[in-house]
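Biologist: I am new to this structure and would like to go through its ligand sites. Please show it first.

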Amino acid sequence: MIGQGLLDRIAGDLAEAGIAHSHALVTDSNVAELYGTDLLNNLKESLNQVSMISFPAGEQNKSREIKSFIEDKMLESGFGRDSSVIALGGGVVGDIAGFVAATYMRGIPCIQVPTSLVACVDSSVGGKTAVDTPHGKNLIGAFYQPWRVYVDTSTLKTLGPKEVAEGLAEIIKYGVIKSSDLFEYLEANIEKIYEFDDLTLLYVIETSCRIKAEVVQKDEKEQNLRKILNFGHTVGHAIEQLSDYTISHGEAISTGMVIEGKIALGETGWSRQEQKRLISLLQRAGLPTEPPQDINAGEIIDVMKIDKKVRKGKIEMALPECMGEMKKNGESYGIEVSEQTIISAFKL
Ligand SMILES: NC(=O)c1ccc[n+]([C@@H]2O[C@H](COP(=O)([O-])OP(=O)(O)OC[C@H]3O[C@@H](n4cnc5c(N)ncnc54)[C@H](O)[C@@H]3O)[C@@H](O)[C@H]2O)c1
Ligand SMILES: [Zn+2]
């Protein structure tokens, strides 16, 4: 459900649906202060047992230790199989609280209430939940679909410009892979997102969620179609990793989309004109479009080779064919790309 002021509806909906007897409101330290306490008080008016469990904000806390901390708090409070988890926050909260819900008493309902733009358009939809480990990000997790997702656009107004740009990188990606209309809409209205214009936010979030949901419904486990959501991410993940995560995910996939677009130029029919539109929109969104000076093509290829997107030793990518459509090789959306092509694309 997407709308303005939806936080006030959650309590009534949950009481009416009767999906659980007790509710754990899981959030991080920032969101607890901004929206958590108000939502807690509101939930308490209509529901029996509600407790807020908050952990310090930040990706470093998307850990097995914090997952245990949340579970122990729930066990101490006597939460049984008839309880639910309400995940209020950005992608970190959504991923960890979703994973708690997936395994607590072998699985209890999870309600996602995303409050960052990334969480609204990406992590809250699709059912991937996980925690990070010292060996890498998202390595321990589960596919676990939420019972419902509530996107309240009024919570986005407290986000800083950097957090908005993070979400915009994924929204622009949805335009390229599946909707030339969304891309055109962004070309006309992107600045309004930074002004938190409600109608603009509603349109771009709804369109993005629809695209992600449609893709995931057809291919939940990433056998084929879901690969298109990885546009910009094969190169992007390598950049993120090589920078030791000093470059954010949104910044890295922005550059990743530009480089993968350059690769597409010689391989799929993706035109220079469309590539120009992509670069110009990313720039207007305040995102980088050039790889960092100290990272070269060879290093990126080495990292990509040990990433999970390599099949039988060959690097595979999802590449655009024209605005709103991804290239298919027979039935497959994974296009094999040679090392030479990648190196040449870096020189363009
Ligand atoms: N499961 C998936 O499919 C999926 C998809 C994309 C990203 N992710 C994961 O999501 C995480 C990134 O998500 P994120 O960018 O939301 O990070 P985040 O959860 O760390 O949120 C970013 C910052 O914004 C704060 N914040 C959240 N909502 C706010 C609000 N309304 N106002 C002010 N501040 C607010 C948070 O406290 C945090 O400090 C990563 O761990 C990534 O792996 C998962
Ligand atoms: Zn992403």
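Modeller: This is a predicted model.

Biologist: How much of the accessible area of ligand 1 does the protein cover?

Modeller: On its own, ligand 1 has 860 Å² of accessible area. The part of this that the protein covers is 83%.

Biologist: Which element gives the most residues to the shell around ligand 1?

Modeller: The elements giving two or more residues to this shell are α2 (29-46), α4 (91-103) and α5 (117-123). The most, four residues, come from α2.

Biologist: Which residue has a polar side-chain atom 2.7 Å from a nitrogen atom of ligand 1?

Modeller: For D95, the distance from a polar side-chain atom to a nitrogen atom of the ligand is 2.9 Å. D28, E59, T115, S116 and T158 come nearest among the 23 residues around ligand 1. The residue with the 2.7 Å distance is T115.

Biologist: Which residues are the protein donors of the zinc ion (ligand 2)?

Modeller: The donor residues follow the spacing E-x62-H-x15-H in sequence. E170 in helix α6 (residues 161-178) and H233 in helix α9 (residues 233-242) are 63 residues apart, a pair that links distant parts of the chain. Both of these residues, E170 and H233, are buried. At 2.0 to 2.1 Å from the zinc ion, the protein donors are E170 (OE), H233 (NE2) and H249 (NE2).

Terms used. Residues numbered from 1 in each chain as written. Chains lettered and ligands numbered in written order. Predicted model: local features only at pLDDT ≥ 70, side-chain atom pairs only at ≥ 80, totals over all residues. Heavy atoms only, no water. Near = heavy atom within 4 Å. Polar contact = N/O pair within 3.5 Å; in protein donor to acceptor, adjacent residues only side chain to side chain. Areas by Shrake-Rupley, 256 points an atom, 1.4 Å probe, with all protein chains shown as cover. Donors = N, O, S within 2.8 Å, 3.2 Å for Na, K, Ca; no water. Buried < 20%, exposed > 50% of the residue type's maximum accessible area, 1.4 Å probe, protein only.
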